[in-house]
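Subject: Structure handover

Hello,

Please find the structure below, followed by notes on what was found in it.

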Amino acid sequence: MKIASIASGSNGNCYYLENDNDAILVDAGIGVKKILERMTNLGLSMSKVRGVFISHEHTDHVLGVDVLSRKYSVPVFMTQKTYSSYGKIIKDSLLNFFSPGKQVTLGKIHVHPFLKSHHAAEPCSFSVSSERWNVAVMTDIGFKCSNVISHISNADAVFLESNYDDEMLDEGPYPAFLKKRIASDLGHLSNTQAGLLVLEHASSRLKHVFLSHLSANNNTPELAYETFNACIKHRKDLIPQLFITSRHKESGLVSLD
Ligand SMILES: [Zn+2]
Ligand SMILES: [Zn+2]
């Protein structure tokens with residue numbers, strides 16, 4: 001399997017996962033022109049993409065979905081409740097509903113959606129498997145529920161939310177109600193929570209960590225990187241390659257071999 005972040009941050013998310021024959025996207029929260037530009041930079045083509053899986057209806061995850069499906073005939077997968085809250089129309093022939101807990105298979109890619117804790121209609125994370133690899137895509141998670149724990153423990157790679165630095169959020173410009181919501185169990189995962197999650201629950205098979213969905217106002221790539229490394233330094237068996245994803249550009253295309 002090969003994986004990449006096409007865009008990641010509080011203003012737009014899109015992740016790419018492929019095996020030899022097929023590919024999927026998770027979320028399409030930036031404009032389609034940008035998605036294509038960045039995929040092209042990585043030598044990737046939309047013709048290999050068998051579907052886009054939507055985690056929840058917030059704009060930073062769905063902005064480009066309708067154009068992507070219309071222009072490139074990419075099938076869209078989301079839950080029925082997410083679709084009801086999404087507010088736009090996807091062509092019937094391209095719209096597919098999934099249920100949390102029920103696996104969807106496209107070619108030899110198996111997508112396992114599972115519920116997460118976030119202020120949305122029916123938000124889901126995904127564990128994506130192909131050949132012997134498991135990749136978890138977990139952003140917009142208020143806290144480490146039992147689903148998060150069980151999927152991180154089986155993951156070879158993870159796109160993991162590292163949204164905010166505690167101090168920056170505390171001292172930052174956001175109104176009190178918003179700070180409270182971000183830090184709540186229905187909000188986002190902090191740098192420290194992401195690091196501790198991996199420290200306490202990842203197995204030594206975890207080889208690639210993409211710290212994802214960084215806040216522009218309450219975090220910096222340096223803080224996310226340092227906090228994560230400080231958390232996991234006591235696990236001598238765990239030496240994942242660490243990537244800080246960006247809202248401004250794609251990551252490299254990382255091979256899990
Ligand atoms: Zn988000
Ligand atoms: Zn969200």
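The site of the zinc ion (ligand 2) is irregular, its 4 donor atoms making angles of 87 to 173 degrees. Four donors count as tetrahedral if all angles lie between 85 and 135 degrees; four count as square planar and six as octahedral if opposite donors are over 155 degrees apart and all others between 65 and 115; anything else is irregular. The protein donors are H56 (NE2), H58 (ND1), H118 (NE2) and D140 (OD), 2.2 to 2.7 Å from the ion. Donors are N, O and S atoms within 2.8 Å of the metal (3.2 Å for Na, K and Ca); water is not among the atoms, so sites may look incomplete.

The zinc ion (ligand 1) is coordinated by D60 (OD), H61 (NE2), D140 (OD) and H213 (NE2) at 2.1 to 2.2 Å. This arrangement is irregular because the angles among the 4 donor atoms run from 90 to 168 degrees.

D140 bridges the two zinc ions, which lie 3.5 Å apart. H56 lies in the loop between β4 and α2 and D140 in the loop between β10 and α5, so the pair ties together parts 84 residues apart in sequence. Helices (H or I, at least four residues) and strands (E, at least two) are DSSP runs, numbered from the N terminus. Both H56 and D140 are buried (under 20% relative accessible area, 1.4 Å probe, protein chains only).

**Basis**

This is a predicted model: local features need pLDDT of at least 70 and side-chain atom pairs pLDDT 80 or more, while totals for chains, interfaces and linings use all residues. Residues are numbered from 1 along each chain as its sequence is written, chains are lettered from A and ligands numbered from 1 in the order written, and side-chain values use heavy atoms, without hydrogens and water.

Regards

Conventions
Buried means under 20% relative accessible area, exposed over 50%, partly exposed in between (1.4 Å probe, protein chains only).
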